[in-house]
Amino acid sequence: MDAVKMNQLQNLLHDSLIATDHVHHCAIIRRKDCNVRASSVGFNLHHDQVQMMLDAFKNPPQTREEGIYFDDQQYKCVRADKNSIYGKCDKRGLILVKTQSMLIVATYTENMFPSVCVEAVEKLADYFKEKGK
């Protein structure tokens, strides 16, 4: 049964994020144990990276001030509140959106539109919120 759920999440990730062509890498993570439930090909997140992302939501003003360190780069924070964190590093970006039980992580590159990436991630988060997840 769990394999079916994983496959559904993988399909959801592809259809809602990767198919936009404005999401480079992405993942859906279960917050309670930092378990990656689905991810794009080649996007490997470690437990400590996920924990650091979740910790960034605990103090949004501090996150806005300090930014977020990800993938050996310091990202300047352009938005941080209790549900969403957006980071920018040169022409690349990191989008983190949390729901009741999930964390959605997405990145975009210089050839992609940040607004499309943000909208796709926020829509997927809204979908999970509607489902109570």
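Which residues does T99 touch, not counting residues up to four places away in sequence? T99 touches R31, A125, F128, K129 and K133, where contact means heavy atoms within 4.5 Å.

## Model and conventions

This is a predicted model, in which local features need pLDDT of at least 70 and side-chain atom pairs count only at pLDDT 80 or more, while totals for chains, interfaces and linings use all residues. Residues are numbered from 1 along each chain as its sequence is written, and side-chain values use heavy atoms, with hydrogens and water left out.

T99 sits in the loop between β6 (92-98) and β7 (102-108). Helices (H or I, at least four residues) and strands (E, at least two) are DSSP runs, numbered from the N terminus. T99 counts as buried because its relative accessibility is 4%; buried means under 20% relative accessible area, exposed over 50%, and partly exposed in between (1.4 Å probe, protein chains only).

## Second largest pocket

The second largest pocket holds about 170 Å³ of space. Its lining consists of 13 residues, and those closest to its centre are H25, F43, F70, D71 and T107. By class, 5 of the lining residues are nonpolar, 6 polar and 2 charged. Ala, Val, Leu, Ile, Met, Phe, Trp, Tyr, Cys and Pro count as nonpolar, Asp, Glu, Lys and Arg as charged, and the others, Gly among them, as polar.

The search runs on a 1 Å grid over the protein atoms alone; a pocket is an open set of points where a 1.4 Å probe fits, with protein on both sides within 12 Å along at least five of seven lines, and lining residues have an atom within 4 Å of a point. Grid points are joined across faces, edges and corners, and a volume is the space filled by probe spheres set on the points.

## Aromatic pairs

The structure holds 3 aromatic pairs. In one of them, the ring centres of F43 and F70 are 6.3 Å apart and the planes stand at 65°, so the pair is edge-to-face. Rings of Phe, Tyr and Trp (its six-membered ring) pair if their centres lie within 6.5 Å; planes under 30 degrees apart count as stacked, over 60 as edge-to-face and the rest as tilted.

F43 belongs to the loop between β2 (35-39) and α2 (47-56) and F70 to strand β3 (residues 68-70), so the pair ties together parts that are 27 residues apart in sequence. F43 is buried at 7% relative accessibility, and F70 is buried with a relative accessible area of 4%. Together with Y75, F43 and F70 form one aromatic cluster.

## Cysteines

With a disulfide taken as a pair of cysteine sulfur atoms within 2.5 Å, the count comes to 0 disulfides. C77 is in no disulfide, and the nearest cysteine sulfur, that of C89, is 13 Å away. C77 is buried, with a relative accessible area of 10%.

For C117, the closest cysteine sulfur is in C26, at 8.4 Å, which is too far for a bond. C117 counts as buried at 0% relative accessibility.

## Exposed residues

D72 has a phi near 60°, a positive value in a residue other than glycine. D72 is in the loop between β3 and β4 (73-80) and is exposed, with a relative accessible area of 61%. D90, in the loop between β5 (84-89) and β6, has a positive phi near 55° and counts as exposed at 63% relative accessibility.

Q8 is found in helix α1 (residues 2-16) and counts as exposed at 51% relative accessibility. The C-alpha atoms of Q8 and D33 are separated by 20 Å, with the two residues 25 residues apart along the chain.
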